[in-house]
Amino acid sequence: MTRIIFSLLFFVIPFCCQAQDEQPFKGRFYNAEYQVFLIIDAYDQKVTVPGQELFGEIPGYLGSKRDGRVWLITEVTVKNPRSATIEVINDYGSEDFIAQLSFDDEGNLIMKHEKGSTYKIVVNRKYVKIPSKIVLKKE
């Protein structure tokens, strides 16, 4: 009887672990160097920006601890479990860009600017451009 139970456990455990990784483009990711974060839910697309509920539920947003403004993710296309494309617009609607999201071998999220406006934040009343390729770690 114990052999059957252990056999079932060894059969079920891998499926449980796999289910946790089925939604890699969901959660909070952070880059400590630029203090930039990404909140995303590419699957249910039910993220609400705190203090800006006017926008309703969206796939996610980019922000910074140094700058109160956010960039809204308007569309997400998940290509496979390791790659997705996001369309982003600033909260004024004046600038937008497209970025590629992918995971490296260590599980970090790489956001690479494809085309459009430069992603920038305000630090000490001056714009700081974020590099076209940035590494974000899951929190």
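In which loop is Asp67 found? Asp67 is found in the loop between strand S3 (60-64) and strand S4 (71-80), where helices (H or I, at least four residues) and strands (E, at least two) are DSSP runs, numbered from the N terminus. This is a predicted model, in which local features need pLDDT of at least 70 and side-chain atom pairs count only at pLDDT 80 or more, whereas totals for chains, interfaces and linings use all residues. Residues are numbered from 1 along each chain as its sequence is written, and side-chain values use heavy atoms, with hydrogens and water left out.

**Surroundings of Asp67**

- Asp67 counts as buried because its relative accessibility is 11%; buried means under 20% relative accessible area, exposed over 50%, and partly exposed in between (1.4 Å probe, protein chains only).
- The side chains of Asp67 and Arg69 are joined by a polar contact of 3.2 Å, a term for a pair of N or O atoms within 3.5 Å of which, within protein, one must be able to donate a hydrogen and the other to accept it, while residues adjacent in sequence count only if both atoms are side-chain atoms.
- The backbone nitrogen of Val122 is also reached by the side chain of Asp67, at 2.9 Å.
- Once neighbours within four places in sequence are left aside, Asp67 is in contact (heavy atoms within 4.5 Å) with Ile121 and Val122.

**Overall make-up of the chain**

- The secondary structure comes to one helix and 10 strands, and from the N terminus on the elements run α-β-β-β-β-β-β-β-β-β-β.
- Of the 139 residues in the chain, 38% are buried.
- Among contacts between residues at least 6 apart in sequence, 36% join residues at least 24 apart.
- The accessible surface of the chain comes to about 8800 Å², of which 54% belongs to carbon and sulfur atoms; such areas come from the Shrake-Rupley method with a 1.4 Å probe, and for residues only the protein chains shown count as cover.

**Aromatic rings and charges over them**

- The structure holds six aromatic pairs, where rings of Phe, Tyr and Trp (its six-membered ring) pair if their centres lie within 6.5 Å, and planes under 30 degrees apart count as stacked, over 60 as edge-to-face and the rest as tilted.
- One of these pairs is formed by Trp71 and Phe97, which is tilted because the ring centres are 5.4 Å apart and the planes stand at 55 degrees.
- Trp71 lies in strand S4 and Phe97 in strand S6 (residues 96-103), so the pair ties together parts that are 26 residues apart in sequence.
- Trp71 counts as buried at 5% relative accessibility, and Phe97 likewise counts as buried, at 3%.
- Phe25, Phe29 and Phe103 are linked by ring pairs into a cluster.
- The charged end of Arg28 sits over the ring of Phe37, 4.5 Å from its centre, given that a charge sits over a ring if NZ of Lys or CZ of Arg is within 6 Å of the ring centre and within 35 degrees of the ring normal.
- Lys120 lies over the face of Tyr127, at 5.6 Å from the ring centre.

**Loop residues with positive phi**

- Most residues other than glycine have a negative phi.
- Gln45, although not a glycine, has a positive phi of about 55 degrees; Gln45 lies in the loop between strand S2 (36-41) and S3 and counts as partly exposed at 31% relative accessibility.
- Asn124, also not a glycine, has a positive phi of about 50 degrees; Asn124 lies in the loop between strand S8 (120-123) and strand S9 (126-129) and is exposed, with a relative accessible area of 69%.
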